[in-house]
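Welcome, and please open the structure in your viewer. We will select one thing after another and see what is there.

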Amino acid sequence: MHYSLTINGLDNAFPREFGCDCPRCVRPERAANTSVSLVGTDDDGQTVFHALIDCGHGVSDSLAANPLLRGERARLDWILLTHWHADHCIELGRICVGWMRTCARRNQPFARVRTWCREGSAQWLAREQGNAWRTFADPVIAPGFDDAGVALAPVPIDAPDLRITPITLHHNTADIAADDLMRRRPACAGFVIQTATHKAVLLWDMDNTNDWITNPQTDAQASAVALARDADVLCIDCNTWRFAGAPDRPASHACFYTQLPNVRALAPRETLLVHLSGHEDERGDGFGWTDEVWQAHAQLEWERQAMPGRVRVPKIGELILL
Ligand SMILES: [Zn+2]
Ligand SMILES: [Zn+2]
């Protein structure tokens, strides 16, 4: 089996803001919320496995444009959801309806799609995406409300030489109970994907308080860090350049400068910045930045701070071999 990741999207929740004419909002390129497809092909080049990781706005169009998943190569074996926020699941119904209709055209039985998420996210999904969740998902729910920095049981995927281990993340606006916003119910997870030869680590969404990466306090946190270290590629939440929260406006995402020590601790060969925003820094650095400007600033800082490996901003449709 040969595995690859395709970038389906790398924007934060608001790829374009209505009424804004900043360079990021007026760029002509397609934009989509942060998502990747993990695709397995056999020795004949046939697509034999597809796990979709998050399915926010624009992801369905990215799937339609993916040569590995186009036309008769289309398949959908798993959906893995980092958490329940709309920019990670709003197209759950759209994608599953498309897949169901494709199955009907092929005279192939449609089965509800195995969909992994944490318990806190499942409670929200039943409420926020109720129709799609009940109609199309075959939920595989990781029980419990562990705090950040815990490696959960691997996703029970039956594919050769593939192991996907979720790691819990702090993401404060997602870490609330569906029935009581005052109650904390950690709900977010990233993923460590291991093939026979490669390791990819996906860490989104996360806020600025994931100190377990640089300063693990428990055995569980230390082993989560060990699991995520030395990856070939690390995709990491970089929602803002420098805004890390203010007393009247807490940040629910990490900024570039918070992530530097985290990346240093994890020491990947390559870091890909995802969940990019153009607005949440407000005026000044970070505001209206296109992907190219994000990348140029990040690379400069990488060099200046002697960061491990390379850094860049990926492109929609880009293929990463695993
Ligand atoms: Zn998000
Ligand atoms: Zn989120």
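Before the first selection, one term: a residue is buried if 20 or more other C-beta atoms lie within 10 Å of its own, exposed if 12 or fewer, and partly exposed in between, with C-beta atoms placed from the backbone. Helices (H or I, at least four residues) and strands (E, at least two) are DSSP runs, numbered from the N terminus. This is a predicted model, in which local features need pLDDT of at least 70 and side-chain atom pairs count only at pLDDT 80 or more, while totals for chains, interfaces and linings use all residues. Residues are numbered from 1 along each chain as its sequence is written, and chains are lettered from A and ligands numbered from 1 in the order in which they are written.

Start with the whole protein chain. Buried residues account for 46% of the 322 residues.

Next, select helix α5, residues 119-128. Which of its residues are buried? They are Gly120, Ser121, Ala122, Trp124 and Leu125. Now show α3 (86-89), β5 (113-118), α6 (130-136) and β6 (137-142), against which the buried residues of α5 pack.

Then move to strand β7 (residues 163-169) and pick Leu169. Leu169 counts as buried because it has 31 C-beta neighbours inside 10 Å. Beyond its neighbours within four places in sequence, Leu169 is in contact (C-beta atoms, placed from the backbone, within 7 Å) with Ala148, Cys188, Ala189, Gly190, Leu203, Met206 and Asn210.

Finally, draw a C-alpha to C-alpha distance from Leu169 to Leu10: they are 18 Å apart in space and 159 residues apart in sequence.

Notes
Contact = placed C-beta atoms within 7 Å.
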